[in-house]
Amino acid sequence: MADTSSGSQQGVFSEGQEVEIVNLKSMPKYNGIIGKISGPMTNGRYPIKIEGRDKPFNLKPNNIAEIVYEVSRETESMFSMIERKIEIDRIINEFKLDPFAILGLPYNSTGSEIQKHFRKVSLRCHPDKCPPEMRERAETAFSKLQAAKASLTNAKKRLVVNEMVDRAKRRVLKAREDAKKRQEEAEKQSKQNEKVRKLTDAEKLLKLLARDKKEEEDRKRQQDILAEGGVDPLKEAEKEPQFHVQVRAMVKEMMIEREWRKIQLQKAANEAEKKAHEEKKEKVDSFKAAKKKEEDWENGRNTRVGSWRDFVKGKGKGKKKKKRKQLKAFKSGQKVEQRDGDRDYIKRIKTEKVKVKAL
């Protein structure tokens with residue numbers, strides 16, 4: 001099992017030692033995170049290096065707890081097959097994105113409690129300690145359990161979960177307050193009269209971002225109230241068991257929402273990349289077409305110049321002049337055959353003697 005103490009020798013720690021951050025009032029979200037001593041104590045504080053943070057924390061010994069791993073024979077004792085099956089089924093059926101639910105721990109569990117509980121649960125579902133008929137499901141459950149433990153012992157991932165849990169608590173609290181202000185009949189009537197329009201994914205995403213911004217403003221306002229000595233409503237709400245049930249449901253909803261956001265952002269990135277690629281391709285094709293036209297014009301220059309020279313050199317040569325026909329003068333009394341529709345007739349023409357010049 002894993003346990004914590006205030007230090008191996010009354011708060012004395014060695015460099016590289018694995019410790020847990022505890023009792024931080026200024027930044028409570030870092031409580032329960034495991035780090036390592038990165039150097040000797042300076043001015044009564046130890047530098048603590050945690051994953052995902054560039055600069056180490058400089059903490060007093062009373063904000064550091066040593067992690068001690070102990071394994072007792074009682075913990076390693078064999079569990080009954082019924083207990084193993086129940087535990088394996090529970091882990092497999094738990095929501096896969098919530099590491100606390102998979103481990104079966106409350107959200108305020110410390111790092112040492114997580115290590116201790118993981119050791120206990122892993123012995124129940126370890127594939128080597130299960131009969132052959134349960135081994136396949138035991139492997140699935142054990143892999144899921146290991147992934148949950150890795151998420152909570154990773155400082156960066158633990159910070160994300162801690163922040164989400166804190167936001168979920170405040171959302172549940174606000175939802176309770178809003179529910180008291182609304183009357184049931186008025187709510188039903190408003191739902192009947194309201195024309196619901198299905199939002200697009202983009203509109204839904206913008207609405208969620210606006211809500212996040214408002215929640216952040218409310219959180220800062222609440223911090224200012226607490227700094228002035230105000231009462232934290234979360235402490236009163238956390239005393240109720242139903243509040244924790246609602247918080248767990250809200251965390252699940254928020255995790256699903258986060259995955260949906262990732263998908264939508266990835267879609268938007270893919271569409272932007274596709275559009276940029278099409279615009280680039282269009283520019284390249286336009287440039288190639290213009291270049292080809294210019295090359296065709298240059299390649300046809302010699303042909304055009306040669307044709308013009310040939311035309312200029314051969315202009316007027318080799319052409320036969322057409323003989324102009326001379327018109328004959330009609331004599332007086334000459335008979336001329338004429339046609340009028342389908343009828344032929346002979347007409348005598350009276351003319352005067354004129355000189356007819358060649359046209």
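Is K174 buried, partly exposed or exposed? K174 counts as partly exposed, because its relative accessibility is 38%, where buried means under 20% relative accessible area, exposed over 50% and partly exposed in between, with a 1.4 Å probe and protein chains only. The views below come from a predicted model, in which local features need pLDDT of at least 70 and side-chain atom pairs count only at pLDDT 80 or more, whereas totals for chains, interfaces and linings use all residues. Residues are numbered from 1 along each chain as its sequence is written, and side-chain values use heavy atoms, with hydrogens and water left out.

View 1. K174 is placed in helix 5, where helices (H or I, at least four residues) and strands (E, at least two) are DSSP runs numbered from the N terminus. When residues up to four places away in sequence are not counted, K174 touches K214 and D218, contact being heavy atoms within 4.5 Å.

**View 2. The second largest pocket, with K174 among the residues nearest its centre.** The second largest pocket holds about 740 Å³ of space and is lined by 24 residues, of which R170, R171, K174, E215 and D218 lie nearest its centre. A pocket is defined on a 1 Å grid over the protein atoms alone, as an open set of points where a 1.4 Å probe fits, with protein on both sides within 12 Å along at least five of seven lines, and lining residues have an atom within 4 Å of a point. Grid points are joined across faces, edges and corners, and the volume is the space filled by probe spheres set on the points. Helix 7 provides the largest share of this lining, eleven residues, and by class the lining divides into six nonpolar, one polar and 17 charged residues. Here Ala, Val, Leu, Ile, Met, Phe, Trp, Tyr, Cys and Pro count as nonpolar, Asp, Glu, Lys and Arg as charged, and the others, Gly among them, as polar.

**View 3. The largest pocket.** The volume of the largest pocket is about 1,400 Å³, and of its 37 lining residues the closest to the centre are P28, K29, N31, D166 and K169. Helix 5 gives the most to this lining, with eight residues, and the classes are twelve nonpolar, eleven polar and 14 charged residues.

**View 4. The largest nonpolar core around L103 and L145.** Of the 34 residues in this core, L103 and L145 touch the most other members; a nonpolar core is a set of buried Ala, Val, Leu, Ile, Met, Phe, Trp, Tyr and Cys residues joined through side-chain atoms within 4.5 Å. Helix 4 gives the most to the core, with seven residues. Leaving aside neighbours within four places in sequence, L145 is in contact with I91, I102, L103, F118, V121, S122 and C125. Another core, of 15 residues, lies apart from this one and includes V19, L24, Y30 and I33.

**View 5. Helix 9 and what covers it.** Helix 9 has 59 residues and reaches 87 Å from its first C-alpha to its last, close to the 87 Å expected at 1.5 Å a residue, the expected span being 1.5 Å times one less than the number of residues. Its buried residues are F243, V247, M250, V251, M254, M255, E257, R261 and Q264, and their cover includes helix 2, helix 5, helix 7 and helix 8.
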